[in-house]
Amino acid sequence: AVVSTQSTGEKNTKKNAFFKSIIEYHTEFLSLTLTPIALIESIERMEAKSNADSPAMRIFTQKDWALCKTAARESTERYRDGKPLSVLDGIPTAIKDVLAVRHFSVNCGRARRGMRQTADADIVQVLRNRGVVIIGITSMDEMGMGVTGINPHHGTTRNPYNDAHVTGGSSSGSAVAVSTGLLPFTIGTDGGGSIRIPSSFCGVQGIKPTFGRWSAN
């Protein structure tokens with residue numbers, strides 16, 4: 001399922017200056033006024049700044065800038081050649097810590113590291129096939145058994161509107177990544193509100209698809 005689109009209502013307190021939609025990014029990529037690699041480099045700087053703040057935002061539990069920059073450079077070349085894979089080509093996203101993503105472990109918010117994955121979950125593979133650039137893995141309540149975003153192992157993800165308030169959960173990092181303007185959309189999961197709760201707490205739109213609409217593999 002997807003936590004998507006821009007922040008709504010009152011402007012949040014974190015000074016992330018992106019807040020662009022997928023279509024806006026795609027339009028800039030087509031005109032080459034912005035490239036996927038330049039966007040990723042900007043996101044890297046902004047994410048580092050968000051964790052240098054006190055308290056830190058703690059959006060990600062895992063990320064690999066080298067890997068996503070490689071994907072972004074490949075996407076940039078496709079746009080320069082006039083051959084983007086889709087409207088999603090070069091668009092950055094991140095995945096909740098319950099879905100398999102190649103090169104990352106699946107931990108479900110636990111302290112213990114799981115095995116590094118060698119294959120993607122179906123929805124992740126669909127995104128890759130369309131050129132999406134996957135930055136990393138977002139924070140969540142441990143084992144999805146919470147609705148606050150407080151994680152004793154990886155730290156608490158902060159609400160962008162008020163860092164003394166919780167983000168909601170369990171897809172906390174996915175909601176905050178969108179609410180800060182860092183990413184235009186992210187992937188979460190929802191069995192009993194885990195997309196809808198943090199989306200409402202963080203002022204973004206969360207979509208829980210009909211059961212069976214997306215593969216659970």
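## Glu47 and Lys63

Glu47 forms a salt bridge with Lys63, with 3.5 Å between the closest N and O atoms. Glu47 sits in helix H2 and Lys63 in strand S2 (residues 60-63), so the pair ties together parts that are 16 residues apart in sequence. The model behind these values is predicted.

Glu47 has a relative accessible area of 4%, so Glu47 is buried. Lys63 reaches 35% relative accessibility and therefore counts as partly exposed.

## Asn51, a further partner of Glu47

Asn51 also lies in helix H2, which covers residues 36-52. The side chains of Asn51 and Glu47 make a polar contact of 2.7 Å.

A polar atom of the Asn51 side chain lies 3.0 Å from the backbone nitrogen of Arg58. Leaving out residues up to four places away in sequence, Asn51 touches Ala56, Met57 and Arg58. Asn51 counts as partly exposed because its relative accessibility is 31%.

## Other salt bridges

The count comes to nine salt bridges. One of them joins Glu28 and Lys20, with the closest N and O atoms 2.7 Å apart. Lys20 has a relative accessible area of 29%, so Lys20 is partly exposed.

Another links Arg128 to Asp120 at 2.5 Å, N to O. Arg128 counts as partly exposed, at 23% relative accessibility. Asp120 counts as buried, at 12%. Salt bridges with shared partners join Arg102, Asp120 and Arg128 into one network.

## Lys96: buried, with no salt bridge

Lys96 belongs to strand S3 (residues 92-96). Lys96 is buried but has no salt bridge. The nearest side chain of opposite charge is Asp141, 7.4 Å away.

Which side chains make polar contacts with the side chain of Lys96? One is Ser171, at 3.0 Å. Another is Thr189, at 2.8 Å. Beyond neighbours within four places in sequence, Lys96 is in contact with a set of residues that includes Ile137, Thr138, Met140, Ser170, Ser174, Ile187, Gly188 and Ser194. Ser171 and Thr189 are also in that set.

## Aromatic residues

The structure holds two aromatic pairs. Tyr25 and Phe29 form a stacked pair, 6.2 Å centre to centre and with 20 degrees between the planes. These residues are four apart in helix H1 (residues 22-31), so about one helical turn separates them.

Tyr25 and Phe29 are both buried. Together with Tyr79, they form one aromatic cluster.

## Cysteines

How many disulfides does the structure hold? It holds zero. Cys68 counts as buried because its relative accessibility is 1%. Cys202 also counts as buried, at 0% relative accessibility.

## Met145, an exposed loop residue

Met145 is found in the loop between strand S4 (133-138) and helix H5 (172-179). Is Met145 buried or exposed? Its relative accessible area is 73%, so Met145 is exposed.

The C-alpha atoms of Met145 and Glu74 are separated by 38 Å. Along the chain, Met145 and Glu74 are 71 residues apart.

Note on methods:
Residues are numbered from 1 along each chain as its sequence is written. This is a predicted model: local features need pLDDT of at least 70, side-chain atom pairs count only at pLDDT 80 or more; totals for chains, interfaces and linings use all residues. Side-chain values use heavy atoms; hydrogens and water are left out. Helices (H or I, at least four residues) and strands (E, at least two) are DSSP runs, numbered from the N terminus. Buried means under 20% relative accessible area, exposed over 50%, partly exposed in between (1.4 Å probe, protein chains only). Lys and Arg count as positive and Asp and Glu as negative; His and the chain ends are not counted. A salt bridge is a side-chain nitrogen of Lys or Arg within 4 Å of a carboxyl oxygen of Asp or Glu. A polar contact is a pair of N or O atoms within 3.5 Å; within protein, one must be able to donate a hydrogen and the other to accept it, and residues adjacent in sequence count only if both atoms are side-chain atoms. Contact means heavy atoms within 4.5 Å. A disulfide is a pair of cysteine sulfur atoms within 2.5 Å. Rings of Phe, Tyr and Trp (its six-membered ring) pair if their centres lie within 6.5 Å; planes under 30 degrees apart count as stacked, over 60 as edge-to-face and the rest as tilted.
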